[in-house]
Amino acid sequence: MRLEIKIKSPTFAPEIFNRRMSSTTKYIFVTGGVTSSLGKGIISASLGKLLQARGFTVTIQKFDPYINIDPGTLNPYEHGECYVTDDGAETDLDLGHYERFLNVRTSQANNVTTGRIYNNVITKERKGEYLGKTVQVVPHITDEIKRNIFLLGETGKYDFIITEIGGSVGDIESLPFVEAVRQVRWDLGANNAMVIHLTLIPYLKAAKELKTKPTQHSVKELLSYGIQPDILVCRTEHPLSMEIRKKLALFCNVNLNSVIEAIDADTIYDVPLLMKKEKLDERVLAKLKMTTKHEPDLEQWKIFLGKLKNPLNEVTIGLVGKYVSLPDAYKSIAEAFIHAGSQNDCKVNLKWISSEDIHKDTVETIIGSLDAVLVAPGFGERGLEGKIEAIKYVREQKIPFLGICLGMQCAVVEFARNVLHLVDASTTELNPKTKHPVIDMMEEQKKITSKGGTMRLGSYDCKIKKGSKAHHIYGDTLIQERHRHRYEFNNKYLEQMEEAGLKGTGVNPESGLIEIVELKDHPWFVGVQFHPELKSTVLSPHPLFVKFVAAAMEYKGK
């Protein structure tokens, strides 16, 4: 009896397969193993920085395995902050790292989730694009992942595209992405695509030794999916000995010089220099047969680090918010203070303050000794009255204040209640039946019922009044800033507020939306409807944060 085995041939999109011969862009994939939260985003950004510093053009994209279309509807306690790009994409917070390190703007194409992949495929199926075919994970889902992987490369703008694969190898939800990576390596060939595997080398205190077995198992798992990593980047609390490196190289089947130590650093901004010392960029260039243009030019980066680590001044600034138990919920704000602090030769100590802890009896104890206060963005009713109470205190005590998004709206509510004596004044987000809705839902938002991706998102123009504090801060009368909100300043109350001293000094020229308010008789009191923290980078600190830290220094000096 003759046994016949029929092997189903994989289907390929010809345009994807043909890239093997035509691609000039190099693709680097960063996977993670053993555990999550090892810092794939920081390693990706650091490698990107090193390649950029050699004269190459680089961008980084994040592929996340969760089924949400984007992080816009996720609780910050679960996922950290939702980062927003110029084109209005709600994305993973790692895109913030990419922008802060590379000083290059990202877009919708830089963050893709399982949800978006499946949504695209199902939409095509409903339109009949797969008519007559059974839609499957392979090839339809994997081909859609590959199509998104190549989108940025098709622009022809980049020498390198680094793709971070979220989660850990072995997670059920990440399997289609890993399979897509395997296929891309086959499509493009060894000289055009490579895999860096970030893993953990735990230290057992009782045994007083580093253990390589978890990494060996992680690589074995990756091998079972058909992927041999080209480089191992090993997170560790202690230096890797040559014996450990040889063991990892032998049992993970990588070259000895491709075992890269990623030791814990004082700050994430040390990591590019640590990776340069480990020659990560050199190994990548060698693997992809790329000729380096010159040695990495990191002079400006080193100047930034030198000022960051050797401050001449020190201030303490309170960050008042509702998600302070998870600092990643305000990641971009925290990093913007680091950039601004370095620019001012000043160490900024952030005091994380839960707005729920603030009321009339506690506000002076909590805030009285601070050099400045930032009231953070957020959504919902919880903690709102605490923010308003904090703003009342800093307004009366002349403490420097910066309000962002909801923080600005709370400043308007506080002013209406306590200066205009509109006792019932509120935001309709908190009190839909208020007699004085000084903050109201934007008109175009009132008919929207869907929550995902429907806010006012992305970059918008803001025209600044000459002679205002905002004009002094920006040095310009027309700026662009990023937004993420549904509620706005109610212009019906603008004249009344301006007569009492709260000026609208920044306005969107198309909608008339008040973007910036500032208090006339106060040394530094500014509220902004937009999110300036999203545009602050290492080499371009945001002027609002730079001037705010300077104001804190001046207040402390007095």
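## Aromatic pairs, cores and salt bridges

F101, Y269, W301 and F304 form one aromatic cluster. Here, rings of Phe, Tyr and Trp (its six-membered ring) pair if their centres lie within 6.5 Å; planes under 30 degrees apart count as stacked, over 60 as edge-to-face and the rest as tilted. A word on the source: this is a predicted model, where local features need pLDDT of at least 70 and side-chain atom pairs count only at pLDDT 80 or more, while totals for chains, interfaces and linings use all residues. Residues are numbered from 1 along each chain as its sequence is written, and side-chain values use heavy atoms, leaving out hydrogens and water.

The count of aromatic pairs comes to 14. One of them is the tilted pair of F337 and F548, with 6.1 Å centre to centre and 40° between the planes. F337 lies in helix α14 (residues 331–343) and F548 in helix α20 (residues 543–557), so the pair ties together parts 211 residues apart in sequence. Helices (H or I, at least four residues) and strands (E, at least two) are DSSP runs, numbered from the N terminus. F337 and F548 are both buried, where buried means under 20% relative accessible area, exposed over 50% and partly exposed in between (1.4 Å probe, protein chains only).

Now to the nonpolar cores, which are sets of buried Ala, Val, Leu, Ile, Met, Phe, Trp, Tyr and Cys residues joined through side-chain atoms within 4.5 Å. The largest has 42 residues, of which I28, F160, I196, V233, L280 and V284 touch the most other members. Helix α3 (residues 40–53) gives the largest share of this core, seven residues. A second, separate core of 40 residues includes I366, V373, A425 and M497.

Salt bridges (a side-chain nitrogen of Lys or Arg within 4 Å of a carboxyl oxygen of Asp or Glu) number 30. Three of them are tabulated here.

| Pair | N to O distance | Burial |
|---|---|---|
| D92 and K62 | 3.0 Å | D92 buried, 4%; K62 buried, 5% |
| D187 and K146 | 3.0 Å | both buried |
| D270 and K309 | 2.7 Å | D270 buried, 10%; K309 partly exposed, 44% |

D92 sits in the loop between β4 (90–91) and α5 (94–102), and K62 in strand β2 (residues 58–64), 30 residues apart. Both belong to a network of salt bridges that links K62, D64, D92, D94 and E164. As for D187 and K146, they lie in helix α8 (residues 175–188) and helix α7 (residues 137–151), 41 residues apart.
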